[in-house]
Amino acid sequence: MISFDNRFVDQLPGDAEQRNFCRQVFGSCYSLVKPTPVLQPSVIAFSSDVAGLLGIELDWMQSQQAASVLGGNELLPGMKPFAACYGGHQFGNWAGQLGDGRAINLGEAIASSGQRWAMQLKGSGRTPYSRSGDGLAVLRSSVREFLCSEAMHHLGVPTTRALSLVLTGEQVTRDMFYDGRPRKEPGAIVCRVAPSFTRFGNFEIFAHRHENETLQMLVDFTIANDFPHLDPNDPDVLQKWFAEVCVRTAEMVVHWMRVGFVHGVMNTDNMSILGQTIDYGPYGWLEGYDPDWTPNTTDSAHHRYAFGQQPQVAHWNLLQLANALWPIIEQEAPLQEGLDRYLDAFKSAYQSMMANKLGLRKWDDASDAGLTQQLDSVLQLVETDMSIFYRRLARISLDQVSPEGIDGLVTDDWLLRHFEDAYYDLSKVNREVLSQTQDWMKSYLMRLSQDHRSDVERSAQMDAVNPLYVLRNYIAQQSIDLAEQGDFSEIVRVLQVLKNPYQFQQGMDAYAIKRPEWARHKAGCSMLSCSS
Ligand code: AMP
Ligand code: MG
């Protein structure tokens, strides 16, 4: 069986109060707290990949003990469950103490490779950090977290993982639309897995409370355990660590921009110190390309966390982390340097990402900055599905066309036929749209012709970064609708398809098409609230 370590508990200061009630917890990185037992836990889906990482036998995943442990009814020997104390900036404002209000860390599983994986139950009852919440999660939000974390991993995006999805056998009351009409929904628990769940907010809370000693301990702990390649005795270690957090965060956001992912709640308590996507709540996937789109109803007035805002928001969040580190660094230059590294890392990763998406051999600023800007406008002329557009772009054949022949290739008819699947309303693709799209397409094809590459080579490069299958909002919702009726087969099927998001899969066309019209305004398919 798995052996467990509990470094966070064993090496960091914890809360002396052992009783579980809501309170402000000072000078502590965590509070010991056990999951609340549930009526009838059953594992309705699991990731065999994640089980493999942890060294868990697949037979065990189907056992009664697995349901019991992953539902929070039983602890395995060696587990020391706790809830972490953290704060955070929510929607731009300091929100004070937040903490694991409905997440309970079970322990770090030690895989045979030596890699440690923290296991965390989300939705397993109240903790000292639950504030006014019930500490629970419903099936719909748990399906979304389970599927999306695994989908993101297979897309190559840094993310926390999900081992299991458990139905608790209990009902949870939620006012899904904040309209005063709460309903009962099935309760569920996801077991999340990551090397560490430490967030920017874990550091912020101590800086805001002037608990500098605890802050220093958490920083030292994080560097030693989560960044073991850094030398703790290097006089510049803090600076190097902060710079690395900045670079990792930049790379994560570039991946989001590549696949069309909108996190939805980029508060600093939802930013992982490892640069992994964490806390899947009201996230969404761009269908029609729109940088101003946010899936989060709570953000509908300001669009602070809209798709196109994510790079700037990540920078702002890093600035909050820099402020939190100030008491132990007390120098502006190293922190500023980290923030500048973010900008540089973002720029270069973004450029090479766009070059890959477009099938260019290498980014050339002189031509490609303008080309991508122009594309950004063209994609917004009419509602154009982002994922389908890039896959269709990779299907253009230039082998038979000389540069002089490009004008002849890019006719109205050809454009409409080639991109038909990506347009949500063909009747809106009018003269003006066609003409601007043609202008862009000609520049793009001329640019490609300078690279002198075969169609095969170019399309392989593009298909490796432009996913064919993403967790479209309505696809997640369809698997939720069925799961709420007791049919979990669609969750399993979606998980299977999303394991190979870049490769065509026979018979799976339904997962690669644009959102059907019925889903445009359906609850869960376009907008989501935080109330999950
Ligand atoms: P989130 O918006 O999910 O990142 O959560 C923000 C804060 O609210 C975190 O401290 C969560 O632990 C807490 N929280 C969210 N939902 C609940 C809930 N149902 N019960 C208790 N705490 C919650
Ligand atoms: Mg959160």
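1. Ground rules. Residues are numbered from 1 along each chain as its sequence is written, while chains are lettered from A and ligands numbered from 1 in the order in which they are written. Because this is a predicted model, local features need pLDDT of at least 70 and side-chain atom pairs count only at pLDDT 80 or more, whereas totals for chains, interfaces and linings use all residues; side-chain values use heavy atoms, with hydrogens and water left out.

2. Domains. The chain is divided into domain 1 (3–199), domain 2 (202–357), domain 3 (362–452) and domain 4 (473–519); these bounds come from an automatic or database domain assignment. Taken over C-alpha atoms, the centres of domain 3 and domain 4 are 29 Å apart. Their contact takes 8 residues from domain 3 and 6 residues from domain 4, where contact means heavy atoms within 4.5 Å.

3. Strand S7. Buried means under 20% relative accessible area, exposed over 50% and partly exposed in between, with a 1.4 Å probe and protein chains only. Strands (E, at least two residues) and helices (H or I, at least four) are DSSP runs, numbered from the N terminus.

4. Partners of S7. Strand S1 (residues 3–5) pairs with S7 in the antiparallel sense over 3 bridges, and Ser3 has Ile110 of S7 as its bridge partner. Pairing requires that DSSP finds at least two bridges between the two strands. S7 also runs antiparallel to strand S8 (residues 116–122), joined by 7 bridges; here Ala103 stands opposite Lys122 in S8. The hairpin of S7 and S8 has 5 residues between the strands, and Gly114 takes a positive phi near 100 degrees in it.

5. The magnesium ion. Ligand 2 has Asn270 (OD1) and Asp279 (OD) as protein donors, at 1.9 to 2.1 Å from the ion. Both Asn270 and Asp279 are buried. Donors are N, O and S atoms within 2.8 Å of the metal (3.2 Å for Na, K and Ca), and since water is not among the atoms, sites may look incomplete.

6. Aromatic pairs. The whole structure holds 21 aromatic pairs. Phe389 and Tyr390 form an edge-to-face pair, because their ring centres are 5.5 Å apart and their planes stand at 85 degrees. Trp414 and Phe419 are edge-to-face too, with centres 6.4 Å apart and planes at 90 degrees. The rule covers rings of Phe, Tyr and Trp (its six-membered ring) with centres within 6.5 Å: planes under 30 degrees apart count as stacked, over 60 as edge-to-face and the rest as tilted.

7. The aromatic cluster. Ring pairs link Phe389, Tyr390, Trp414, Phe419, Trp440 and Tyr444. As for relative accessibility, Phe389 is buried at 4%, Tyr390 at 5%, Trp414 at 12% and Phe419 at 0%.

8. Charges over rings. The charged end of Lys357 sits over the ring of Tyr390, 4.1 Å from its centre, and that of Arg304 sits over the ring of Trp316 at 4.8 Å. The criterion is NZ of Lys or CZ of Arg within 6 Å of the ring centre and within 35 degrees of the ring normal.

9. His418. This residue lies in helix H14 (residues 412–419) and is buried, with a relative accessible area of 9%. Leaving aside neighbours within four places in sequence, His418 is in contact with Arg392, Arg395 and Ile396.
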